[in-house]
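Colleague: Give me one close look at the aromatic pairing, please. Keep it connected.

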Amino acid sequence: MGSGRFYARLSQSEFITPPERDGTIGSLLFEAFDGDWFDKNPVPESPKELADYYDHAALFVLQLHIHPRHIRMFSALEYAAKMAEEDDEPEDWFVFESSPTKGRTLGESELPLTVYANLYQPGIEAAAKDFRPADSTVTTRLRKIVSTAHIPDANEQEIDNALANVAKSAIEWAVVYDVGQGNSIGLCTMQGTVETYFDLGGGVLANAKTFPSALTSFCFTRKPPIVLSHWDFDHWSSANRDTRSLAMTWIAPRQAVGPTHLALMTSIMSAGKLLLVPRGFPAKWHGQLHLELCTGSGRNHSGIALTLAEKPNGGGELMLFPGDARYPCLRSFPPKQSYLSVVAPHHGADMRNHTVPTCPSKPPSRLVYSFGHANTFKHPRMVTRQDHDRAGWHDPVITASATHYEVRETAHRVPGPLGHVFLGWKTRGSAPVLPCGGVQCQLQAQQL
């Protein structure tokens, strides 16, 4: 737990409707520095010193499990919760004063807190006795160390160059990988190698247990660029599971982030290349790939969405990969747009919007929920399943009497240890075999 005193910034949130039985209405995730460590280590004056700084930084992730009574107890928490409900991540910094509970019952004035020393290991249950805004002097230093101002905006030519090989390749299929409670999609050629990834995530924190132990290596034979939908942990966390990814070119939206993300960005810039796409960046086709910035607010709804076409420049059938964004946040999503296959946004979370694409009801059509079994967020949500089922994406959980189901779930690992889902332009009798035979990676598609 470090010193138990943390400087923390809101990073992600999840609200639960209806509340849990114990009254929990959601959780807030904060990226944090250990307060004592931060106070003793000066903020570097030069970006060149960031790599060493983040190599040694005492970083934590804090998860607050909030009840309505907690919000009333602390005005700072009321403000943070309000921002989170509006899908925003304010740049405010807060101070947590906490201690491990060691199994004791929390007092009425204490906040239930889980402290994670990294994204991949179990947390420590703790009690936060104070939660307040950081003072202005400390906040100035904190904002400086998580600023991305030293990273220039990517321009169109840089993105074109990064995706040049992909634009010339023939993408024959996509595979939605079983990474537990997270998202990762590989776009593949006829040879079976991954030409580019859309996200490289996986289960983290309380959901780290959902990541499949059978998946230890990804495919980097073709040095595929990695397009990141947005900066939530579960969309990039496998970068640290297979660190060869750090030497690739990453294309990501410029978004407000905290110290955990700056540590990753610094690692990418040391080993590979990081291209940050600014707001207002024009949408564009790169061969069969269409990248666009979503138009919503907050990290989930302002990231990059990817449309994959059967033929270059939007010809033929289309597949849609929206990341965690609501469908209406995509400019390319008119009400009557037809997609052969779709990966449901935000792992099937309640999007608080009932607009969904209509299933074209073609034999290869698929709707994929990428999530981990028994995840803490209870994804996919029933309301989301119902919305898609009504739009023709037959779901066995909803329409048990249907003769054909378009819905697939990466959490379905029967009969093997993985649940990778194949998405193709035409129906197939079996999934294509990987050129390495599964020796160098574990990305063989399991479900058609």
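Modeller: F33 and Y53 are both buried, meaning under 20% relative accessible area with a 1.4 Å probe and protein chains only. The model is predicted: local features need pLDDT of at least 70, side-chain atom pairs need 80 or more, and totals for chains, interfaces and linings use all residues. Numbering starts from 1 along each chain as its sequence is written, and side-chain values use heavy atoms, without hydrogens or water.

There are 22 aromatic pairs in the structure. Rings of Phe, Tyr and Trp (its six-membered ring) pair if their centres lie within 6.5 Å; planes under 30 degrees apart are stacked, over 60 edge-to-face, the rest tilted. F33 and Y53 have ring centres 6.4 Å apart and planes at 70°, so they are edge-to-face. F33 sits in strand β2 and Y53 in helix α2, so this pair ties together parts 20 residues apart in sequence. Helices (H or I, at least four residues) and strands (E, at least two) are DSSP runs, numbered from the N terminus. Ring pairs join F33 and Y53 with Y7, W37, F38, Y54 and W93 in a cluster.

Now Y197 and F220. Their ring centres are 5.8 Å apart and their planes at 50°, so this pair is tilted. Y197 belongs to strand β9 (residues 194-200), while F220 lies in the loop between β9 and β10, 23 residues apart. Both Y197 and F220 are buried.

Two rings also carry a charge over them (NZ of Lys or CZ of Arg within 6 Å of the ring centre and within 35 degrees of the ring normal). The charged end of R241 is 3.8 Å from the ring centre of F211. For R385 over Y369, the distance is 5.3 Å.

Methods:
Buried means under 20% relative accessible area, exposed over 50%, partly exposed in between (1.4 Å probe, protein chains only).
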